[in-house]
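Biologist: I would like a close look at a single part of this model, the place where two of its chains meet. Please keep the answer connected.

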Protein chains: 2
Amino acid sequence: MRQSSGQRGRGPSMADVAREAGVSGQTVSRVANGRTNVDADTRERVLDAMRRVGYRPNSAARALRNGRFRTIGVIISSLSTFGNSRTLDAIAGAVADEGFSIVLMTVPRHTQGEVAGAFSRLNEQAVDGVIILIEQHQLDQSEIELPAGLPVVVIDSNARYPSPVIDTAQAEGAASATRHLLELGHATVWHIAGPPQSYAAERRLKSWQATLEAAGRPVPPVLIGDWSADSGYEHGQRLAADPSVTAVFAANDQMALGVLRALHEVGRRVPDDVSVVGFDDMAEAANFWPPLTTVHQSFDDVGRHAVAALVGEIATGQPESTLIHVPTELVVRSSTAPPLSR
Amino acid sequence: MRQSSGQRGRGPSMADVAREAGVSGQTVSRVANGRTNVDADTRERVLDAMRRVGYRPNSAARALRNGRFRTIGVIISSLSTFGNSRTLDAIAGAVADEGFSIVLMTVPRHTQGEVAGAFSRLNEQAVDGVIILIEQHQLDQSEIELPAGLPVVVIDSNARYPSPVIDTAQAEGAASATRHLLELGHATVWHIAGPPQSYAAERRLKSWQATLEAAGRPVPPVLIGDWSADSGYEHGQRLAADPSVTAVFAANDQMALGVLRALHEVGRRVPDDVSVVGFDDMAEAANFWPPLTTVHQSFDDVGRHAVAALVGEIATGQPESTLIHVPTELVVRSSTAPPLSR
DNA sequence: GCACCTCATGTTGACGTAAACATTTCGATC
DNA sequence: GATCGAAATGTTTACGTCAACATGAGGTGC
């Protein structure tokens, strides 16, 4: 009665297949790994036996044997921002193409303890490498030593870590957005920045400021948001009440959406009265009202490069200490125009 | 020269710790697993040795030994829809709380082969259970046998699969949206549905239709979108051109956004001329213009329930064959109002 | 016809862990 | 003070796979 087929327990192993096919376990292994030095008849017999007993390779045993897991850990702060989730999607695709799997670890609450927790689970070595996609300063604050010898790729952070860093050209993007508004004739550009923990936010902010200064324009006080549309709306209400504001650059599309709403609410027209630019080019941006001028980021490229760098390092054991920049591109839609009164 | 510390290779094992601490490997194992039957002094000595040699448990060996991986596979069609990515986020949080890890498998292109590919990697048994989050019909079409005996939870699909199914109350949500518009005084409600492969889309559609019929209202022809804002925009253009259209129910918020844009473009006012309702209550919906009336789904609950059901089944070996319904709630904002002319 | 090579297949052992069982130590009980 | 039991620790072994080595069968060259 014990071996009824519905019984819980381990599945069939190579030994079972071997018995069924009348060969040794090693031959089964060779077939399972696609080695060529197996007779065609034998191979067929083994494959048949595999099918009959429902064999599935045990990846734990395989990993134990090889010392490799064919698995990549992804530590990500949250999936709620558009960029993170798009990047993860791209990583997932690229990783699958390489024949690896992804172990996903989210760090939901922004506390040091949580980040440390994610890393400690990583410590249970079950991954061949790690991609880190967290707000950098959050990473800085946590006193975490990455497991020594574990390949790591950091996305969108400063280069403090001695690991390959994939990075979008934050500065160029922010500069092109700011310049676009100035070139349209606006006297200056207001900025709604992302949270200070974010290195990306910091660089967009710095670049916006530098661009204004280089053009000899006054630099309005920075408004600090948290990436959410709600925070964009709040700051937007203040901006909408100030008739001198004619151009706003939000550090992401979601905050730009909030700004648009605030402007609509008080009847300021976009782009006639106020121009708005976002950052990210999320899929919905083209369907905002009005369609949003924004800075396109290629999250696909970011994900692909991150995976390529990591897989390379895993294969060779040599960190590729390059800093890879992924370009951005300004997409002009209908939310920007020259200021009306001049 | 061979054992320089930077060398690639395996980390220290229990044997190394045992040697360092002057105890047996078994004692190290006991300490590592928090067993109580270890002398306090010994425990301290072992922990110290672990720290010194930089010991990290090898999860492959552990999994091989125990026959359990403490890992859950998540098969997801894509992260680009808001709902999927929110649900995944919730799953990730719940799974971490249970002390499990997530192996993520995306099925990017909507082809049968891709789905089969994701499953075949699953076949390499490395997970204790699976959560499936794919458009149901896509799943139906693929000739896939789930590995027998592997616990599975299916989210948002029909009950064809003999596995626990977590489900939002699609029908109730769609009905409440439709009823809301009728109660405001609209003669009928147009519907932009999700893609036919989606079971969720199908049920929202059926429920919309049933609600209209129950109220004795004419049922306009269905418009079929693909969840994207662009598809909503396309259909929206047609609707905007028809002055008899006063109420639109889109099967998700993104398509609703496209409809809003189309209406704005031709100068039809929302909600004065046309009322619009969405579905999902994505974070941005409150910042659409006008703020969108929509059906709130609790993706957190969906994720949590899915994980709870799966972990339960893994622990007990007994499938919990219940169908769990997660309620929805209509959130009325500013995109709906009584029709102007009456 | 014998040495030698090639190719298919089999046998052994180790990867790191932890359950099962064995041993030792020490204090409590009568 | 002999007996028993509990608690701490050690020893053996198996989990499933696959590299390394061993074996054996057929073929080639001189």
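How many residues of chain B are in contact with chain A, and how many of chain A with chain B?

Modeller: The model is a predicted one. In it, 51 residues of chain B are in contact with 51 residues of chain A. On the side of chain B that touches chain A, the elements giving two or more residues are helices H4 (59-66), H5 (82-97), H6 (112-123), H10 (229-240) and H11 (253-265), together with strand E2 (101-106), each belonging to chain B. H11(B) contributes the most to this side, namely six residues. By residue class, the side of chain B that touches chain A holds 22 nonpolar, 20 polar and nine charged residues.

Strand E2 also takes part in pairing across the two chains. E2 of chain A (residues 101-106) is joined to E2(B) by three bridges, and the two strands run antiparallel. Within this pairing, Leu104(A) stands opposite Ile102(B) in E2(B).

Helix H4 of chain B, listed above for the contact with chain A, also belongs to the surface near DNA strand C, where H4(B) gives the most, with five residues. DNA strand C is surrounded by 26 residues, of which the closest are Ser24(A), Gln26(A) and Asn37(A) from chain A and Met14(B) and Asn58(B) from chain B. The elements giving two or more residues to this surface are H2 (25-32) and H4 (59-66) of chain A, along with H2 (25-32) and H4 of chain B. The residues of the surface near DNA strand C comprise 13 polar, eight nonpolar and five charged.

Notes
Residues numbered from 1 in each chain as written. Chains lettered and ligands numbered in written order. Predicted model: local features only at pLDDT ≥ 70, side-chain atom pairs only at ≥ 80, totals over all residues. Contact = placed C-beta atoms within 7 Å. Helix = DSSP H or I, 4+ residues; strand = E, 2+ residues; numbered from the N terminus. Nonpolar A, V, L, I, M, F, W, Y, C, P; charged D, E, K, R; others polar. Pairing = 2+ DSSP bridges. Near = placed C-beta within 6 Å.
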